[in-house]
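User: Please take a close look at one part of this model, the place where two of its chains meet, and describe in a connected way what each side brings to it.

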There are 4 protein chains.
Amino acid sequence: MDAPRPAPLPVFDKLAPLKQGRVLEESLAEFAEHGYHQASVNRIVARLGIAKGSLFQYFGNKEGLFRHLFARALEEIKAPLKAIRDADAGEPFPLRLRRVFVEGAAFARAHPRIWRIYRRMAAQEDFPLREALLSQLRGEALTYFRELVEGGQARGEIRADLDPRTAAFLIEAALDRALSAQDSPLLDAGHGLSSADQPLRAARLAALADTLSRGFCPPALQNADTTQAGDSHA
Amino acid sequence: MDAPRPAPLPVFDKLAPLKQGRVLEESLAEFAEHGYHQASVNRIVARLGIAKGSLFQYFGNKEGLFRHLFARALEEIKAPLKAIRDADAGEPFPLRLRRVFVEGAAFARAHPRIWRIYRRMAAQEDFPLREALLSQLRGEALTYFRELVEGGQARGEIRADLDPRTAAFLIEAALDRALSAQDSPLLDAGHGLSSADQPLRAARLAALADTLSRGFCPPALQNADTTQAGDSHA
Amino acid sequence: MDAPRPAPLPVFDKLAPLKQGRVLEESLAEFAEHGYHQASVNRIVARLGIAKGSLFQYFGNKEGLFRHLFARALEEIKAPLKAIRDADAGEPFPLRLRRVFVEGAAFARAHPRIWRIYRRMAAQEDFPLREALLSQLRGEALTYFRELVEGGQARGEIRADLDPRTAAFLIEAALDRALSAQDSPLLDAGHGLSSADQPLRAARLAALADTLSRGFCPPALQNADTTQAGDSHA
Amino acid sequence: MDAPRPAPLPVFDKLAPLKQGRVLEESLAEFAEHGYHQASVNRIVARLGIAKGSLFQYFGNKEGLFRHLFARALEEIKAPLKAIRDADAGEPFPLRLRRVFVEGAAFARAHPRIWRIYRRMAAQEDFPLREALLSQLRGEALTYFRELVEGGQARGEIRADLDPRTAAFLIEAALDRALSAQDSPLLDAGHGLSSADQPLRAARLAALADTLSRGFCPPALQNADTTQAGDSHA
DNA sequence: CATGAATGAGTATTCATTCAT
DNA sequence: CATGAATGAATACTCATTCAT
């Protein structure tokens, strides 16, 4: 379960990139729809129309498939995430936080299957890679949020006595829930994040970010409202 | 044989309460450890040292066991949760929010298996009862938080232009993550909530609540700090 | 399977006759509906609202129940069957054969559950008692039919060169199928025996008997038609 | 996974014909010996010495196996049955009826397991395919018999006032019982059809056919005995 | 290197039978 | 003597994994 197999998978890499793509696509879909244990190798090869043995030749076993899959997915994700991260270095904190929510939501919408797998992994103890990936991903996110906060403090936009880790924790919690609510009306519970109405969603995301921001700002800045509108919504 | 089996399970109720307790304990543990699908009836009866048939005589089938389990758990939970809810009606909002976090955390610590099952249900699409329970539980929580906020607004402790739903959403997100972080260092990521140090945990919880509160308060009240200490921690 | 247990069942006999009756009724129904193996002791006790252990105390086991059941059923049946047998000793053969069909059909209609069990027993190799009961019942029937035929021969109503066993075989085959067709449209296949129209059924039964009779009669009697009408039917 | 699985079973068809044969043989035997519900997939794979999963890979499930089995059996049967049907179109009715009995009996002897399964299906209400197959098979048989009779009527060999359906019903009943009697002394009850003595069996079959024929013929033909011998037997 | 038939330990579930109360 | 909880071998069925072709 936590055995070796960091194998470089020479077999799969030699495949036609087109086929590689299809394999990864369908596998990703299966894991997103059913989670790790409930995902069925039989179903994957059926979707793909390839031999069952091939998948095992490519990846050794189910876990190998998942590891490879997720590793590849992470690579594809890194660039856009880094882009979000670096794009707005100079702007004031509340705007940056808004952007984090809005772009984070856009990202989750753009990669719904990866997002779903990530959510399942976070809640399910027996996912392979859970430990490694969770600590890495979350670590990066928290570090980023902390730096965001610390930057704000350096510029006096955030009160100095706020522990950046506390702020980062809240940001991450709110963002995670907001993104989850997006594709599950049950989790959204009427808040509007799972609505099909894009402007409404944007407004709700902004409201969340702004309300958090307010909690972080020094009293002096409280009136200087960075948010033009209030956040009442239909 | 072809009924939907909402039956009142007369068999199990007649068992010696001691045995009932053991059965519920071990089953709860199995579901908490493995989730619904991965939980094994075989393993449960092995843990219990009883015959396979017995469990089916008690609950009809796996889903019946789970439903019974969860129904019982909910009943046991209701009272303490209501107690938290009603205890502090007269106090100022920030104190009430703190209490929500502290008591919520105490509750999750006291019922770690129920909490785990709940988290799995929220993330896993194919849990039985998921829809019903999630909408009920979350609905109640959000309603409570909203009323908390609206009460604060009525007393001028919270700015009037804050949408109570936004506030409730943030509270719920933060609380949920805080409670999850408690029993999983991975989710905690060094924040201190999964630490064995109870005062530290309490301080961290308070810090989360206070930082949220601050975001909700009107500017006038920002200085009247309800939290004596800052929230820096080792 | 062919073990002892001819036991006199002292326990069951001491029960209140009313309860005895219910037990036999419901058991008979279960075996008629599901056959021997598919019949469920669980279901029987559920129908009866008695303890599972009781049934085993009464009859030892499932097979014991069935044996007792069937024995009792046979006893109840004997009298009416004998009545049919003896009622018409003086009449001409064709009339007697008609009566056999009509009264046989009436009997099967009056005791549908016993008839069904009998049919299942005849086709299913692993019914308990199959051997004993089948050879007894069929033996009696064939003997009766043979005597019927021999009586007819003695009176010159049936040609002398007809082997009575052949005739008896045909009668039994036709009767058995006619009775079976009565409660199964599939077996009837549009012939009218499973119809709700009683006169039609009677006509069809008579037609069957008469056509057989004709095959048995000596040429001289062929014109003296005992059947007023032909047998065309809607 | 949720389809009704009318699937063409690509797996089994690719097996070595020798193995295919063994699988079908043993399965057929199991169903013939025990009927549908009492037949055990475990037992079948044990007989075959193959893994349990294999059978399910071939046929999907127990019912799929049975359906395939029966479909194959029907195909193998069709040709010889049609041969019987068409062989003797020009001959007089009594000879044709004899041939039906003799060849029918030969057929049942050649395919005893199929015959047994058929009998069980007819008596057991909950066989898969029962309705479809019974109505089809019996329909075809009755139609054939009716045409046989109508042909006889057209040529004046059978009296015009005989309802062909009545005649067909009797033929089918007698034939069915005769075939059943062949492999069960119990059903035969000393008539000679289950005897090992082939000429005796043939004589008894002929006697049954002839006696029926006689019942169908017009008076004028009664003396013109198509059967050289009477039908007395040892 | 692709194939896909073979595997068998695993799953949930049933049910006649026993026996302590 | 009635009770009904306990039993466990039986059932049909699944699925990741292997390996001969």
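Analyst: In this predicted model, 56 residues of chain B are in contact with 54 residues of chain A. The two chains bury about 4,700 Å² between them, and 55% of that area lies on carbon and sulfur atoms. Within chain B, the residues that lose the most area to chain A are Phe169(B), Arg177(B) and Leu186(B), which together account for 16% of what that side buries.

Charged pairing also features in this interface: 11 salt bridges are found across it by the rule applied, and one of them joins Arg116(B) to Glu125(A), whose closest N and O atoms are 3.0 Å apart. Between chain B and chain A, seven residue pairs are in polar contact, counting pairs in which both residues have pLDDT 80 or more.

As for the elements involved, the side of chain B that touches chain A draws at least two residues from each of α2 (17-38), α7 (112-123), α8 (130-154), α9 (164-182), α10 (185-188) and α11 (198-216) of chain B. Of the contributions to this side, that of α9(B) is the largest share, with 11 residues.

Methods
Residues are numbered from 1 along each chain as its sequence is written. Chains are lettered from A and ligands numbered from 1 in the order in which they are written. This is a predicted model: local features need pLDDT of at least 70, side-chain atom pairs count only at pLDDT 80 or more; totals for chains, interfaces and linings use all residues. Side-chain values use heavy atoms; hydrogens and water are left out. Contact means heavy atoms within 4.5 Å. Buried area is the accessible area (1.4 Å probe) that two parts lose on being put together, summed over both. A salt bridge is a side-chain nitrogen of Lys or Arg within 4 Å of a carboxyl oxygen of Asp or Glu. A polar contact is a pair of N or O atoms within 3.5 Å; within protein, one must be able to donate a hydrogen and the other to accept it, and residues adjacent in sequence count only if both atoms are side-chain atoms. Helices (H or I, at least four residues) and strands (E, at least two) are DSSP runs, numbered from the N terminus.
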